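Hi everyone, thanks for coming. I'd like to walk you through a few local features of one structure, so let's get it up on the screen.

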Amino acid sequence: MPKVAIVGAGSTVFARQLMTDILATPNIGSGTFALVDTAPERLELAHQIAEKLIAAHGAPWTVEASTDRKTVLPGCDYVISTIEVGGLANVEHDFEIPLKYGVKQCIGDTIGPGGLFKALRTVPAWLDIVRDTEQLAPNALILNYTNPMSLLVLAATRVSKMPIVGLCHSVQGTSQRIARFLDVPYEQMKWRCAGINHLAFFTELSLNGEDLYPRLREAAHNPEIYEQDPVRFEIMLHFGAFVTESSGHFSEYVPYFRKRQDLIDQYTRPQYLGETGFYAHNWPRWRLEQAENTRKMISGETPLKLERSHEYASFIIEAREFHKPTVIYGNVPNTGLIDNLPQTGCVEVACLIDRNGIQPVHFGKLPEQLAAIDRSHMAFHELTVQALLENDREAAVYALMLDPLTAAVCSPAEIRQMFDEMAAAEAEYLPDFIAGDRVKV
């Protein structure tokens, strides 16, 4: 009878899908959802859709809901984090201030100036959740879905011995996408994939013993296929492997595609394929639309979607509860898993899940050119976590100076000025040591 907490349940689309997945798990039996959100109206919406889903599935589950997580965490077997800290209030700051300096982000929530400041806002709240879980639900498994993924998992594992895994859908989504590009049966395709979140690479692709990379390189020269993922195909053609993050978001992770407008015009496309400002200009509207769609599902005006998705949370719960071993791709400490990435960092690798929990699988070495891309990001992660755990503002500035896109566009002096301007604009949502005194240079 598992008890599953969803912290940040007011993110109704994601919470709804995770609850749907769990309820759609075969033979799941009875259980409890413990829903937490600091916004009462959003929490109530999540509570109502949870009751609606339970009724639709005919499942003997109950719901607890509270704005105070300490009242519902006791007895939890799983704690899922989907939190957002100050996002709506700062999404324009995260985009518009860097834009003044020539940094043109598409998504900007994991890397770059936007990703850094999201981390600075989010990690303190996240660590409080981890500490409360350690005290109130010491036997729980913590599943993190919040970005910046690598940063949050790294920070948590520095302060807690709780079992924590970061979950994304980029590996399963990208592997399915590759199968469609090649028109091959997904269930028969084999691959090896590893790296860090959003920067994991498919180092091997095969079907019945045939290396699929020659076919994928050939497909990249077909305009109808290339146009669906231009940046990822460029990386594959020049670096030798297909990456897990989508073209638009990935274009922010490297210095090659967004440092000049002519490159943006050449390699990016509208919306998720790299449109400048796409997330900042649309996310507030999406939130309103998602809330309205949830209300319509609750009222019955819109049909419920009851199918299980490929998100990993329900498969982890199924594997642990019923000793049904499965493999997922998780973000975990690099305890010798990828030989040529920093052993103090967080990596994304295949993990065996059974009643014994998360068991990461040793990968070996990444091709050096791919490892080099990941190492630069792991330095960004390390400095940001250092800043937050040691109250070291200058370390956060150094992190931004090492961000690949920002460094491709700005001088160190400009980066420092940008950091100070963002810190002033977002001061209400930041730790005092970030919003406070500046270093004179």
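So, where does Gln 271 lie? Gln 271 is in the loop between helix 11 (261-267) and helix 12 (278-299). When I say helix or strand, I mean DSSP runs numbered from the N terminus: H or I with at least four residues for helices, E with at least two for strands.

Quick housekeeping. This is a predicted model, where local features need pLDDT of at least 70 and side-chain atom pairs count only at pLDDT 80 or more, while totals for chains, interfaces and linings use all residues. Residues are numbered from 1 along each chain as its sequence is written, and side-chain values use heavy atoms, with hydrogens and water left out.

Back to Gln 271: its phi is near 60 degrees, a positive value in a residue other than glycine. Gln 271 is partly exposed, at 48% relative accessibility. Here buried means under 20% relative accessible area, exposed over 50%, and partly exposed in between, with a 1.4 Å probe and protein chains only.

Next, Asn 27. It sits in the loop between helix 1 (12-23) and strand 2 (31-36). Asn 27 has a positive phi too, about 60 degrees, and it isn't a glycine. With a relative accessible area of 72%, Asn 27 is exposed.

You'll find Pro 148 between strand 5 (141-144) and helix 5 (149-159).

On to strands. Strand 7 (residues 189-196) and strand 8 (residues 199-207) pair antiparallel over eight bridges; pairing takes at least two DSSP bridges. Lys 190, for instance, has Ser 206 in strand 8 as its bridge partner. The two strands make a hairpin with two residues between them, and His 198 in the turn has a positive phi of about 70 degrees.

Last up, helix packing. Helix 3 (residues 87-100) packs against helix 12 at an angle of about 165 degrees, with the axes 9 Å apart. Those axes are lines fitted to C-alpha atoms over the stretch in contact, and angles run from 0 to 180 degrees between N-to-C directions. So helix 3 is roughly antiparallel to helix 12, a label for angles over 145 degrees.

Who meets whom? In contact, meaning heavy atoms within 4.5 Å, are residues of helix 3 including Leu 88 and Phe 95, and residues of helix 12 including Trp 283 and Arg 287.

That's my tour, thanks!

Conventions: Parallel < 35°, antiparallel > 145°, perpendicular 65-115°, else oblique.
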